Amino acid sequence: MTAPLVLGLETSCDETSAAVLRDDDILGHVILSQDVHEVYGGVVPELAAREHLRRVDAVVERALDEAGTSLDAVDAFAVTAGPGLIGALLVGLGWARAASWALDRPLVAVHHMEAHLFGPLLENPDARPPFVALLVSGGHTLLLDVPEWGRYTLLGETRDDAAGEAFDKVAKLLGLPYPGGPEVARLAGAGDPSAVSLPRPMLSRGQRPGDPDWYDVSFSGLKTAVLTVVREMEERGTLDARRADVAAAFQEAVVDVLVAKTLRAVEATGRDRVVLGGGVSANRRLREAMADRLGADRRVFRASARLSMDNAAMVARAGRFHLDRGEIAPLDVEASSSLPFPGLTRPTA
Ligand code: KG4
Ligand code: ZN
């Protein structure tokens, strides 16, 4: 029996994306990034929803064309139901609900961050559990232990800003365009991280396993520290000359904290694999430092840039997992900006 053909849809933020997947093979995949937000320096929810609505039909059609197939051949629809911008989510979910009803095919509601966990698997069959996962995106920072797909233990999370959000805010402070992560990373490449001293929030020698801040992270204090440094440099007129150093020092601080927390998780769980997911996993320095500090006996997986940004292929793959378990959504399933992560538990001890 051939594996089901899954059509995935992702519209939770500012990428309109559709993918056609059979097993781990991406047969068709279109990701359309919205550029209307650029002038506003951030995603405008109302505009995002309108753009999704304008493009979603064409995006699905192109993905189906690329796959050399048609809508009738689709066996199941997988769509991001949350978390994300509610108006944006509703476009994809509404589309998938209608298609599922019209064609009488099952509908699978996917959690956006669980989908990010499946991104690396599409390019590397070894990126499967058991592993420790670090999910770092614009809205979330989650450190998970994953003994098997569908079972997730939350070890740590951010107390305030997500890692990507911190990159975006610091980009703004440095006068860089949105989205700021790639811009800060690029600029950091030309700077000296040790030329500016910045704190490592939630990371201190005094911490012990079991302490509430052992795994958690926090980035808003770091952003404030950058703001202070930038203001001082502006007053002295040295900012232009030192912008790259600030970017490099900030990136190094974030990477240091994320790598240290992941290392703690790996040591506590005994896992020998780490999966990086979410937009910030595209950061080269993060991946290098992670591989370095984890050592030769442990492997680090992350998706290519295309599959680490928001995309429908990872949504289709996560959807396939739930489809196989018979986890079908009712046709009136709702979008939720704060959808709970399925299968996520907190450690008991
Ligand atoms: O997963 P994603 O595409 O969307 C969300 O689900 O939020 O993540 C987007 C985030 C943005 O904050 C963006 O600035 C950040 O990922 N990002 C990066 C890099 N590329 C994207 N942050 C640091 N370094 C990068 N190279
Ligand atoms: Zn995402």
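**Pocket, cavity and strands**

Modeller: The largest pocket has a lining of 46 residues, and those nearest its centre are Asp14, Gly138, Asp168, Tyr178 and Pro179. Keep in mind that this is a predicted model.

Colleague: Which elements give two or more residues to that lining?

Modeller: Four helices do: H3 (112-118), H4 (163-173), H5 (180-188) and H9 (305-308). H4 gives the largest share, with seven residues.

Colleague: How much space lies in the largest pocket?

Modeller: About 1300 Å³.

Colleague: And how do the lining residues divide into nonpolar, polar and charged?

Modeller: The lining of the largest pocket has 17 nonpolar residues, 19 polar ones and ten charged ones.

Colleague: Which domains does the lining draw on?

Modeller: Domain 1 (5-117 + 308-345) and domain 2 (129-302) each supply at least three residues of the pocket lining.

Colleague: OK, on to cavities. How many are there of 30 Å³ or more?

Modeller: The count is one cavity. The largest cavity holds about 50 Å³ of space.

Colleague: What lines the largest cavity?

Modeller: Among the lining residues are Leu134, Leu142, Leu143, Glu157, Tyr215 and Lys261. Strand S7 (141-148), strand S8 (151-157) and helix H7 (239-269) each give at least two residues to the lining. By type, the lining of the largest cavity has six nonpolar, three polar and two charged residues.

Colleague: Leu134 is in that list. Which strand is it on, and which way does it point?

Modeller: Leu134 is on S6 and points the same way as Val132 and Val136, while Phe131, Ala133 and Leu135 point the other way. Strand S6 covers residues 131-136, and six of its six residues are buried.

Colleague: How about S9, parallel or antiparallel to S6?

Modeller: Strand S9 (residues 273-277) pairs with S6 in the parallel sense, over four bridges. There, Val132 has Val274 in S9 as its bridge partner.

Colleague: Switching to S4. How many of its residues are buried?

Modeller: Seven of the seven residues in strand S4 (residues 76-82) are buried.

Colleague: And which way does S4 pair with S1, parallel or antiparallel?

Modeller: Parallel, with four bridges between S4 and strand S1 (residues 5-10). Gly8 is opposite Ala78 in S4. S4 also runs parallel to strand S5 (residues 107-111), joined by five bridges, and Gly82 is opposite His111 in S5.

Colleague: What do S4 and S5 make with helix H2?

Modeller: S4, helix H2 (residues 86-103) and S5 make a β-α-β unit, and it is right-handed.

Colleague: Last one, Ala3. Where does it lie, and is it buried or exposed?

Modeller: Ala3 is in the segment before S1. Its relative accessible area is 14%, which is under the 20% cut-off, so Ala3 counts as buried.

Colleague: How far apart are the C-alpha atoms of Ala3 and Arg320?

Modeller: They are separated by 9.6 Å, although Ala3 and Arg320 are 317 residues apart along the chain.

Note on methods. Residues numbered from 1 in each chain as written. Chains lettered and ligands numbered in written order. Predicted model: local features only at pLDDT ≥ 70, side-chain atom pairs only at ≥ 80, totals over all residues. Heavy atoms only, no water. 1 Å grid on protein atoms, 1.4 Å probe; cavity = no way out; pocket = protein on both sides within 12 Å on 5 of 7 lines; lining within 4 Å. Points joined across faces, edges and corners; volume = space filled by probe spheres on them. Nonpolar A, V, L, I, M, F, W, Y, C, P; charged D, E, K, R; others polar. Domains from an automatic or database assignment. Buried < 20%, exposed > 50% of the residue type's maximum accessible area, 1.4 Å probe, protein only. Pairing = 2+ DSSP bridges. Right-handed = clockwise from strand over helix to strand, strands pointing away.
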